[in-house]
Structure formats: C-alpha cells, structure tokens
Amino acid sequence: MDFVESPNLPRGQVRLCVMSGQYPELCRSVEALGVEVVRTGPCPGLPEPVACHGDLQLCHLGGADLLLEPRAPGLMADLTRRSFRCRGVSRPAGSVYPEDVRLGMLLLAPFCFGEMGAAAAEAVDFLRRRDWELVHSRQGYARCSVAVAGEGGCITADPTLYGLLRERGVDCLRIAPGDIRLPGYDTGFLGGCCGLLAPDRMAFTGSLARYREGERVADWLRKRGIAPVFLSDGPLIDIGGILPLMEER
C-alpha cells in the first residue's frame, strides 16, 4: 500500500481510512468493501456529540504526515504502527468553539481553508513552509462542511466556503443546509457523511434517496464520473467524515 499523497484525494482504491468508532455498523460496511478501518474513540475535551469525529482528532497533511489530537485514544499508536509520521498538537482541543476545530481545516492542495485563528500552529507552520495558501473562513468546521468530490470538485451548504472555493477555481455545488443527522445538534454537514474510496467512488453513511438534496448530489457526482456507495439505507449521519489515508500501489 501507498500513502494517499494529496489529502482527501486518493488516486487509487483506498485500503485504509479513519472513521468514527461510534458507528461500528458503518465501519463494518466499509470493511466489507476491502478497506481497513482505524476506528476513533471518544476524545476527552471535545464536545460529547462530536467526541469521536475523525476530522476533529486528525489532520492529514499529505503522504505519511499526520497531526493528531494528543488525547485521542489509541489513534497515535495505531497510525504510528502503520509507518505514519504522527505528531501531537501542542494545544489540545477544547469543548467550546472554536477551540474544538484546531484540526478541522479543509486541505485541498494547494489551499487550506478554515478558522486560521484557531488552527493548530503545527499545521500552519507545516503548510506555510510548503507554500500552501492559508484561506481564512468564518466556518471553522471546514473539513466537515465540505464533501471533496474528486480533483477540483466540492459540495457544500456553507456560503462562505462556497465563495472561497469558487474564487480559487474549484467546481463547487452549493446545496441547502439541513436534513443531516447529528445527535445533539440541529443538523450535521455533508462532508461529515462521506469520503472517497477511489477517484470514482464516494461512500455515504446513508442513502441519498433519504436526503432532500440527494437527487442533486447524485446527478452532480454522476456528471463528474463518481458513483455513490451507500453504507446503509437510512438517513445521512454526520460521523466526522471517512478519511482516506492509504491506497493500492
């Protein structure tokens, strides 16, 4: 297996991903597709409803480089064992926004979107040294708010991120907010419900037939040559995303 070089954008069939361990049935559905799943546990300090969300515990900087929430149970050991270069951030996440989004940036090379005042200093330093453009957004839950749908393509309900992505030449579908389950909150985000398992396959935690924007999303994906894969026949659930980390050689 190789590391996924560009965050969120596998070039081949994904063979290792990170997902919330709060939903073992969804993890098993991904494993049935031939993908090994590293399951997150509840991270002390994060708000209880999102304590298992991978996109708040981990930031993939590309290749073997990962930044981790230092209190994430077992995550550093699991990923170090798989030869990732893991580094814990110096300021752990807090339970109040924006202290919970230190690792919640959206990386879409060569851009990083997020609440830059809250972003982990280690991520900012790493990306600046590699000439990434750091794009400040009022929406700190940037990774969760945006579904990365292949090279140069995204889906989001967030107006700020939609504008920032479009300004940088990203083909972006804007959808209406809501109709996504996230117990403890009014709604979740589409990016937290999905992830690419290959350049032409995107897994969703539920069925687009149970989502009021599902037909638009499915049509847009089809035009980009991406087939949706449904991990359940229920409604979409925001689990903190399906984060691809390793792929076939």
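**Exercise 1. Classify the residues that line the second largest cavity.**

Solution. Start from the model: it is predicted, local features need pLDDT of at least 70, side-chain atom pairs count only at pLDDT 80 or more, and totals for chains, interfaces and linings use all residues. Residues are numbered from 1 along each chain as its sequence is written, and side-chain values use heavy atoms, with hydrogens and water left out.

Step 1: On a 1 Å grid over the protein atoms alone, a cavity is a set of points where a 1.4 Å probe fits but cannot get out; lining residues have an atom within 4 Å of a point. A volume is the space filled by probe spheres set on the points, which are joined across faces, edges and corners.

Step 2: list the lining. It consists of Asn8, Arg143, Ala147, Val148, Gly191, Cys194, Gly195, Leu196, Met202 and Pro244. The space inside is about 50 Å³.

Step 3: sort by class. Ala, Val, Leu, Ile, Met, Phe, Trp, Tyr, Cys and Pro are nonpolar, Asp, Glu, Lys and Arg are charged, and the others, Gly among them, are polar.

Step 4: Helices (H or I, at least four residues) and strands (E, at least two) are DSSP runs, numbered from the N terminus.

**Exercise 2. Describe the largest cavity.**

Solution. Step 1: the structure holds three cavities of 30 Å³ or more. The largest contains about 130 Å³ of space.

Step 1: 13 residues line the largest cavity, and Asn8, Cys59, His60, Arg143 and Leu243 lie nearest its centre. Strand E4 (58-62) and E16 are the elements that give two or more residues to this lining.

Step 2: the classes are nine nonpolar, two polar and two charged.

**Exercise 3. Find the volume and lining of the largest pocket.**

Solution. Step 1: a pocket is an open set with protein on both sides within 12 Å along at least five of seven lines. The largest has a volume of about 170 Å³.

Step 1: its lining is Glu5, Ser6, Leu9, Pro10, Arg11, Gly150, Glu151, Leu196 and Pro199. Four are nonpolar, two polar and three charged.

**Exercise 4. Trace the sheet of four strands.**

Solution. Step 1: strands pair if DSSP finds at least two bridges between them. The open sheet has the order E1-E16-E2-E3, with mixed pairing.

Step 1: strand E1 (2-3) and strand E3 (36-40) are the edges, each with a single partner strand, so one side of each lacks a neighbour in the sheet.

Step 2: E2 (residues 14-20) and E16 (residues 243-247) run antiparallel, joined by four bridges. Val14 faces Glu247 in E16.
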